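Biologist: Please take one part of this model and go through it closely, giving the cut-off behind each term as you use it.

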Protein chains: 2
Amino acid sequence: MKISELSRTSGVSLPTVKYYLREGLLPPGRPTGRNQAEYGDAHLRRLRLIRALLDVGNLSVAGVRQVLQAVDDAELPGHHLLGTAHEAIAGVPRADRGTPGWQAARAEAGRIVAGRGWRVHERAPALDQLADAIAALRELGQEDMLAMVDDYAEATERLARQEVALVLARGDRAAMVEGLVTGTVLGEAVLTALRRLAQEHTSAGLAGPG
Amino acid sequence: MKISELSRTSGVSLPTVKYYLREGLLPPGRPTGRNQAEYGDAHLRRLRLIRALLDVGNLSVAGVRQVLQAVDDAELPGHHLLGTAHEAIAGVPRADRGTPGWQAARAEAGRIVAGRGWRVHERAPALDQLADAIAALRELGQEDMLAMVDDYAEATERLARQEVALVLARGDRAAMVEGLVTGTVLGEAVLTALRRLAQEHTSAGLAGPG
DNA sequence: CCATCGCGGATAGCATCACTCCCCATTATC
DNA sequence: GATAATGGGGAGTGATGCTATCCGCGATGG
């Protein structure tokens, strides 16, 4: 497959494919001449993964590169890959980390996790994100929303068990690794979309604040 | 309160406060002279909401403006406000909407929702987002992940019932409206953070693909 | 009462990001 | 042998979320 074919069959414009090559998201093709290279199915597949991570997962180009490097690292243990995916998925940190209010929220996040008996890395980005959200809720005087945290935790714990089981059910390592990444990133997209739909359905019939 | 105080107590830089005023995110203060204005607690509160939506909710400035206009519209029924929040929260649509693969995914999204008996607006952005994710999973040959959809739907349905009940429990309309927005946007941040932590915990003890 | 500081209002500039365009010499392909 | 496509690379683009600077006015402090 030539680059133009790769572009056509993937639906990604040729300049963009070149850009991904330059950025190291897409590995170079096998050179067949001084200015010619051959691309295979793996490239097409990789290109689709890139688009999914960028468009559906809202990762940055740098984040995608990070994830793909981890995917390609055959040595990396699975949970490190998960950590890399979580780091790449984490957007820009809030500015107010370090304020007393945030520190308190961060401690609360730690307590929530510990209270559930969850064993997670001390510096998991998701702990900071949880603290961001808790701090924001408190600042806005919406602490009663925190009553939902237990239910969220309960639900996500059950879902995570199934997700992990699903990925582990795969045959080879390569399939597991891709499943891990897509499950993490695209699964999140599916979950949030369904949450919004469930909210809409639930609030539709009821008398809202109107 | 003068603008400099508003800036100092909120932690938002003065040029940024001015920018929000220009962009119509923050209503102008009550003028006390030709070049002086008075800001109140409502402004401080609003400023914090803006930062939460921007930083934690990852909304764009345009999205925040949209949400705040809906919040301030006393006539708007509650479920319209929810719809506005969902629209503002929706990022850039995927490029491949309109391809046969996407159309099929979109139809599948419709079936999933209908199969649950969920009554949602035909053109809810979340339906398209769900289709985006389904299309991406199919393109990547990860269809077995779709087995999770039912569990996600079940969980989000239960959570949505509680969330809506929590918001409706509030006294006045203003509190409901703010609860609706923060519950939608910040609740999502809490839920995804917890999901990542649950994943990490669940996959930590097990033998991963390493 | 006058110097200075902060105010509001506005325009312009900046950094980042994800592309997109154009150029080149080279080389398939018709 | 003419045309088109290729790889490689640098520069340009448009959107976004600020940030900097300027201006004339007026509140404030000695």
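Modeller: UniProt positions are given here in the numbering used for this model, with feature names shortened, and such annotations may be inferred rather than shown by experiment. Residues are numbered from 1 along each chain as its sequence is written, while chains are lettered from A and ligands numbered from 1 in the order in which they are written. The model is predicted, so that local features need pLDDT of at least 70 and side-chain atom pairs count only at pLDDT 80 or more, whereas totals for chains, interfaces and linings use all residues; side-chain values use heavy atoms, with hydrogens and water left out.

According to an unreviewed UniProt entry, residues 1-70 of chain A carry the annotation "domain: HTH merR-type". Across that stretch the chain is 61% helix and 10% strand, with 26 Å between the end C-alpha atoms; helices (H or I, at least four residues) and strands (E, at least two) are DSSP runs numbered from the N terminus.

Around DNA strand D there are 22 residues, of which A:Ile3, A:Ser4, A:Gln36, B:Arg34 and B:Asn35 come nearest, a residue being near if one of its heavy atoms lies within 4 Å of the strand. Of the atoms of DNA strand D that come within 4 Å of the protein, 67% belong to sugar and phosphate. The largest share of the surface near DNA strand D, five residues, is given by α2(B).

Turning to DNA strand C, the nearest of the 24 residues around it are A:Arg34, A:Asn35, B:Ile3, B:Ser4 and B:Gln36, and 69% of its atoms within 4 Å of the protein belong to sugar or phosphate, the rest to bases. A:Asn35 has a polar side-chain atom 2.5 Å from a base oxygen of DNA strand C, and a polar side-chain atom of A:Asn35 also lies 3.1 Å from a base oxygen of DNA strand D. Here α2(A) supplies the largest share of the surface, five residues.

Conventions:
A polar contact is a pair of N or O atoms within 3.5 Å; within protein, one must be able to donate a hydrogen and the other to accept it, and residues adjacent in sequence count only if both atoms are side-chain atoms.
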